[in-house]
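Subject: A structure for you to look at

Hi,

Here is the structure I promised to pass on. Have a look at it first, and then read my notes below.

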Amino acid sequence: MPASTSAVQRLNMFWFLVLSAPLLIGIAIAGLVWFGNYTASMEWLPQDTLRTGAMGAMALMLVIARPLRNALLAPSTIAQRSIQTTTPADPAGDTAVFKVQASMFMLLAILDAVSMLVIALSLMQADALLALLNGVYTLVLAIIARPDFAALLDATRNQLTQKG
């Protein structure tokens with residue numbers, strides 16, 4: 001049974017919605033700095049050190065994004081995870097969607113960790129350029145690490161029917 005189009009569209013929407021938030025926050029920080037005259041009360045790190053460290057963390061996350069996605073979103077791994085649902089679900093149908101969605105959010109949390117740290121540092125340092133760069137980086141990360149949700153749902157359903 002092929003993956004439902006609505007489930008795939010919903011997963012894609014969530015994927016890009018979560019990973020586009022750092023760009024929106026970066027635009028807000030840039031607006032605060034450029035138009036609201038926001039300044040840092042205290043500089044925690046020299047600007048060059050902050051930018052170099054942030055760029056290094058972003059580059060590292062770009063390198064490990066696909067292997068991390070492959071490890072966390074392997075159909076056999078997803079099928080073994082337990083999920084908490086309030087309604088009983090069909091083991092081969094809705095359960096696959098719930099498990100893929102839960103696994104996707106777990107991956108998103110890990111991928112977004114670096115972005116949120118850079119956002120916090122950008123705000124503390126009043127570094128508008130770094131905030132905007134972080135937003136663009138996160139969109140690139142979203143494209144690089146995006147799984148094929150249709151194939152993932154089908155493979156997870158197959159794993160669940162073999163298991164159960």
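Let's start in helix 6, where arginine 157 and aspartate 154 both sit, three residues apart, about one turn of the helix. (Helices are DSSP runs of H or I with at least four residues, numbered from the N terminus.) This is a predicted model, in which local features need pLDDT of at least 70 and side-chain atom pairs pLDDT 80 or more, while totals for chains, interfaces and linings use all residues. Residues are numbered from 1 along each chain as its sequence is written, and side-chain values use heavy atoms, without hydrogens and water.

The side chains of arginine 157 and aspartate 154 form a salt bridge, 3.9 Å from N to O. The term means a side-chain nitrogen of Lys or Arg within 4 Å of a carboxyl oxygen of Asp or Glu. Arginine 157 is buried at 8% relative accessibility, whereas aspartate 154 is partly exposed at 24% (buried is under 20% relative accessible area, exposed over 50%, partly exposed in between, with a 1.4 Å probe and protein chains only).

The count is two salt bridges. Arginine 51 also forms one, with aspartate 127, their closest N and O atoms being 2.8 Å apart. This pair links distant parts of the chain: arginine 51 is in helix 2 and aspartate 127 in the loop between helix 4 and helix 5, 76 residues apart. Arginine 51 is partly exposed, at 27%, and aspartate 127 is buried, at 2%.

Enjoy exploring!

Best wishes

Note on methods
Helix = DSSP H or I, 4+ residues; strand = E, 2+ residues; numbered from the N terminus.
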